[in-house]
Amino acid sequence: MTAAAGQRARRGRGGRRAGRAWRGYLYVLPAAAVYLAFAVLPALHTAYLSLFEWDGVTLGEWAGLRNYREVFTDPALRGAVFNALVLVVFFALLPILAGLVMTGLLSLPRASLGGAGSRRRGLGVYRLLFMLPQVVPLVAVGVTWRWLYGEDGLINETLGGIGLGGWARPWLGDFDWALVAVGLVGTWVLSGLCMMLFLAGVHKIDPQLYEAARLDGAGPVREFVSVTLPQLRGELAVALTVTTVAALASFDIVYVTTGGGPGEETTVPGLLVYKLAFTDGKVGLASALGVVLSLLILGLVYVINRLSRTERT
Amino acid sequence: MRRGGAGVNQAAGAYRTERWSGYVLLTAGAVAVVVPFLSVFLASMQPSGEPVVGMEWPQHWSLDNYRQAWTVAGFSSLMRSSALIAVGVVPASLVLAGLAGYALGTMRLPGGDGVAALFVAGLTIPVELIVVPLYFDLRSIGLTDSYLGVILVEIALFLPFSVFWMRTHFRTTPPELVEAARIDGASSWTVLFRVLLPLARPALTTLGVLVFMWSWNQFLLVLVLIQDATKRTAPAGLGFFVGQNNTDVPMLAAGTILVMLPITIVYVLFQRSFVAGLLQGAFKG
Amino acid sequence: MDGHGIAARTRAPVFLALLAVLVTACGALTPGTAADPDRPRTVPSQTAVPQEDITLSLTFADAPALVDALAAAFHKRHPHLTIEPRYTQFADYVKSIKLTMASDTAPDLAQFAVGMDDIAARGDILDLGPYRDAYGWRKKFPAAALDQLTGSGERAAEGDHLYGVPAGLSMTGIYYNKELARKAGITRPPRTLAEFDRQLAAVKKAGMTPLSVGALDSGGLHLWAALLNNAMEPEKYRAWVKGAEGATIETEEALAATAKLVEWSRKGYVDEAAGGTTQNDSTGAFVRGRGVFLINGNWAAGQLSEAMGKKAGFFLMPAAHEGARAVSSGFSVSYAISSRTRHPRAAGAFLDFLASKEAQKIVAANGFLAVDEEAVPTPKGVLGDVARAHRRVTDDDGMNHFPDFTAPGMLDPLRAGVQKLLAGRTTPEAYLASLQDVWDEQYGSGR
């Protein structure tokens with residue numbers, strides 16, 4: 001800020017100096033060019049293609065907003081968007097809940113000792129482990145879980161082992177459970193990230209806030225609700241944003257575990273964009289779905305950040 | 001401090017039990033994370049072609065499945081493709097984002113905030129939004145089935161974050177440094193290379209490992225842009241491998257481990273950068 | 001204030017520049033290109049093999065080993081002609097074949113696949129009609145195999161266009177584990193559907209899984225098609241697959257076949273894990289003794305023969321009455337000629353070579369059914385069962401297209417639909433209606 005102010009003060013009105021200010025754009029140019037050419041233009045091109053009925057080869061036909069109407073009326077497409085929203089529960093809400101519970105329990109000593117003992121020894125190893133699912137390719141994660149969920153997989157074996165053999169089923173082929181099973185893979189991947197995010201956030205909280213709460217006679221639970229939670233608002237917004245985007249734009253896990261089945265129980269928009277455009281020859285419809293999906297993501301991210309901001313003030 | 005001795009003892013006692021339950025909880029979580037990885041690893045040690053049920057300790061340890069996946073199933077070429085793409089994406093991303101972040105973070109460019117906002121707007125672009133026209137556009141200029149095509153798109157896809165990250169970094173460097181160098185008559189180029197770049201190494205390292213991870217893990221983009229089986233990347237190859245050879249669980253498991261290995265090694269080596277990046281980077285929203 | 005002024009002044013040109021880039025990029029054009037009327041639509045009618053050195057590119061998705069062997073044998077016979085195979089995996093192949101054939105760098109030869117009708121309609125592959133007469137292909141290839149590669153539907157009015165020539169054939173049916181079957185008191189393959197019904201019930205009663213199905217991918221649709229083949233008259237079914245005017249799948253016969261599938265599932269005859277099992281996995285499970293019967297294609301015969309030996313047998317899904325016409329689903333590995341090729345006569349020589357004894361031996365050795373059954377001796381065991389069943393089907397002109405050949409978008413509703421039927425999540429009526437919707441979209445309901 002101060003630098004900016006200083007620069008402004010010195011710059012004055014001269015055209016020569018304005019020219020020099022412009023020269024700074026030479027540094028931005030390469031990045032901007034690549035970004036425009038390979039991300040922004042394709043995005044706009046998608047919006048353009050969504051107004052056509054086109055099979056990818058022959059001459060397209062102007063369709064106006066017909067593709068968009070189909071996105072909202074076709075049960076298969078609407079169902080995919082609905083499935084993605086269900087996945088938000090598993091990709092976003094459950095990991096955040098798990099992260100908060102863990103954080104609450106792990107940060108208790110910090111609260112009761114007013115800051116002492118906040119650094120747990122050996123936490124580094126745990127941190128390394130908890131972030132691992134976030135780091136490895138989702139395709140590999142999907143392959144792993146596809147196998148764990150299998151008929152003779154570890155999950156069914158374990159259920160049988162603890163006398164719950166009646167619950168054993170081919171999870172990914174079960175109409176009632178497939179979406180839940182896929183969702184729980186997301187929970188597994190994202191819980192560690194949420195937890196680490198919150199733990200890092202807790203360490204930034206001013207210990208005096210806890211002191212004050214304790215002077216008011218707050219117990220550990222109330223302390224968590226009235227001090228920790230509000231102070232983590234920023235981290236919560238971030239976690240919610242990241243996980244929600246992961247849920248709505250999910251593709252990799254679904255592609256390798258179920259391929260959208262059984263029936264269309266686990267079909268998500270990402271999968272449909274791929275199939276519609278490249279196997280069914282409905283490029284326009286796929287583009288419209290991509291646009292709708294992106295707007296949905298943008299809208300939700302906006303709402304999340306808006307909420308976290310208004311609460312803060 | 002303000003508390004009496006009894007209070008401290010009480011709190012210390014609570015702390016001890018708490019520390020215990022805390023570790024129990026952490027360990028339970030760690031087990032939940034490790035078991036899937038462990039079961040894949042154990043499966044990869046079973047004799048090739050055998051059906052694997054649940055988690056089984058192998059009779060004897062052997063790397064046969066890995067050898068087979070590496071040669072017969074072609075994972076060597078898959079990994080080479082992934083590595084080639086990452087080698088193209090990471091340095092280019094660092095250079096482009098470093099330059100742009102420097103200008104947008106330390107200079108007062110006319111309309112600079114608008115340009116920065118344009119980059120930030122790309123943070124939530126899902127691959128799904130751009131992959132369809134990319135296929136047709138790149139195809140018409142001969143960039144499908146080519147590493148260059150994938151590299152360019154990945155750079156573009158990661159640039160919003162990369163530029164945002166470097167800009168944030170450069171904004172936090174003390175302005176006095178830049179000012180002092182300028183007064184000495186240094187050009188903006190010299191300022192960047194002599195003054196700022198040495199300070200930016202941690203930020204660049206973190207960005208580098210993050211970009212490497214995203215590039216290594218990218219799936220949908222490669223699935224669409226690379227049709228040539230000989231140029232497919234590790235995740236894409238694994239995705240196809242599942243469809244074809246899923247009766248041979250041990251070899252599939254070995255392939256899965258192979259695909260996870262490079263990124264895991266980078267993760268362990270650069271864990272500090274990684275964790276910092278993933279946690280701070282999560283704030284990109 | 002100052003800053004705002006500059007920003008405002010500079011923003012407009014930046015915006016205009018962006019807009020200009022955008023408009024040029026989009027080309028302000030309708031996507032895609034119209035068909036080029038100048039390209040030839042049919043092959044010449046001479047069969048003389050050109051004598052200069054020619055290399056033909058061949059893009060394909062199935063059986064790389066087979067293609068390599070065929071290319072090598074062809075080159076040996078015509079040393080100046082070389083086939084350069086370009087392999088693409090099947091899922092990608094189906095996805096990209098339209099684009100590949102429409103591009104200026106299209107290969108000379110291409111494996112025939114779903115959606116080839118559209119490619120033919122655009123004029124991107126050649127009508128092989130003149131070769132059929134000049135080379136005498138009607139005598140060399142089974143009628144059903146050629147028929148599956150012949151354009152009809154809206155193109156029927158223009159005559160009998162042939163768009164591909166088969167190398168090897170494929171067919172689906174039911175494998176059974178003789179050892180386990182005997183435990184349930186079953187000593188021979190069923191001759192009627194009712195008998196098969198009783199056998200399934202007997203297996204169920206004996207506490208075993210009657211029918212393995214890999215319905216996670218395409219096993220489910222094979223089961224449905226097998227029941228349909230014996231319920232619906234083949235000519236009516238083929239008209240539907242080919243998009244003939246007014247054809248429909250919403251018929252009494254199709255409804256009965258679909259209801260049968262639902263009944264089997266409800267009675268517990270179909271492996272309850274079917275919806276979560278791929279065809280590959282179901283075959284593996286069958287080898288391990290899960291399931292007494294297995295629905296699959298001839299492509300699994302080699303694996304089963306090797307793993308189970310004499311224990312494995314094969315039969316066609318039986319019809320309602322004994323001695324009825326033998327009908328099954330199948331297709332061929334076949335090849336078409338691009339209309340952009342500069343060497344249609346060399347390409348024709350390759351296609352004709354596929355009918356030769358030498359080529360057919362290669363085909364059989366690679367696990368496909370030979371086009372000319374006399375060319376190869378009937379194998380033993382389950383492979384022999386498959387070969388004999390195939391002969392019955394071709395003799396009866398009973399080879400039907402797979403149902404997903406109806407339209408590129410048909411595979412998903414079939415796969416998902418059968419999964420839903422097996423799980424009791426949809427009715428036979430709704431399932432057939434969903435298929436017909438896709439058909440209507442492809443061929444237009446008004447016609």
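**Reading strands, helices and chain contacts in a predicted model**

Me: Which residues of strand 8 of chain C are the bridge partners of C:Tyr176 and stand opposite C:Tyr175?

Reply: C:Tyr176 has C:Gly313 as its bridge partner in strand 8 of chain C, whereas C:Tyr175 stands opposite C:Phe314 in that strand. Strand 5 of chain C also pairs with strand 7 of chain C, in the antiparallel sense and over 5 bridges, and there the bridge partner of C:Tyr175 is C:Leu294.

Me: What is the order of the strands in the sheet of chain C, and which strands stand at the edges?

Reply: The sheet is open, with 4 strands in the order 6-7-5-8 and mixed pairing. Strand 6 (211–212) and strand 8 (312–315) of chain C are at the edges with a single partner strand each, so one side of each is left without a neighbour in the sheet. Helix 13 (residues 279–287) of chain C packs on the sheet, where it touches strand 5, strand 6 and strand 7 (293–297), and its direction makes about 140 degrees with that of strand 7 of chain C. As for burial, 6 of the 6 residues of strand 5 of chain C are buried, a residue being buried if 20 or more other C-beta atoms, placed from the backbone, lie within 10 Å of its own, exposed if 12 or fewer do, and partly exposed in between.

Me: How should I read the packing of helix 9 of chain B on helix 12 of chain B?

Reply: Two packed helices are described by the angle between their axes and the distance between the axes. The axes are lines fitted to C-alpha atoms, for helices over the stretch in contact, and angles run from 0 to 180 degrees between N-to-C directions. In chain B, helix 9 (residues 201–217) and helix 12 (residues 249–269) pack at about 170 degrees with their axes 10 Å apart. These two helices of chain B are therefore roughly antiparallel to each other, on a scale where angles under 35 degrees are roughly parallel, over 145 roughly antiparallel, 65 to 115 roughly perpendicular and the rest oblique. Helix 9 of chain B makes the contact through B:Val209, B:Phe212, B:Met213, B:Trp216 and B:Asn217, and helix 12 of chain B through B:Pro262, B:Ile263 and B:Val266; residues are in contact if their C-beta atoms, placed from the backbone, lie within 7 Å. By class, these residues are 7 nonpolar, 1 polar and no charged, where Ala, Val, Leu, Ile, Met, Phe, Trp, Tyr, Cys and Pro count as nonpolar, Asp, Glu, Lys and Arg as charged, and the others, Gly among them, as polar. Chain B as a whole has 13 helices and 0 strands, and 49% of its 285 residues count as buried.

Me: How many residues does chain A give to its contact with chain B, and how many to its contact with chain C?

Reply: The contact with chain B takes 86 residues from chain A and 81 from chain B. Helix 3 of chain A gives the most to that side, with 14 residues, and the side divides into 63 nonpolar, 17 polar and 6 charged residues. The contact with chain C takes 30 residues from chain A and 31 from chain C. Helix 3 (25–49) and helix 15 (269–278) of chain A each supply at least two residues of the side that touches chain C, and helix 3 of chain A gives the most to that side, with 5 residues.

Me: Is A:Phe224 buried or exposed, and what is it in contact with beyond its neighbours within four places in sequence?

Reply: A:Phe224, in helix 12 (residues 220–231) of chain A, is buried, with 22 other C-beta atoms within 10 Å. Beyond those neighbours, A:Phe224 is in contact with A:Gly104 and A:Leu229; A:Phe224 and A:Gly104 are 120 residues apart in sequence and 6.5 Å apart in space, C-alpha to C-alpha.

Notes
Residues numbered from 1 in each chain as written. Chains lettered and ligands numbered in written order. Predicted model: local features only at pLDDT ≥ 70, side-chain atom pairs only at ≥ 80, totals over all residues. Pairing = 2+ DSSP bridges. Contact = placed C-beta atoms within 7 Å.
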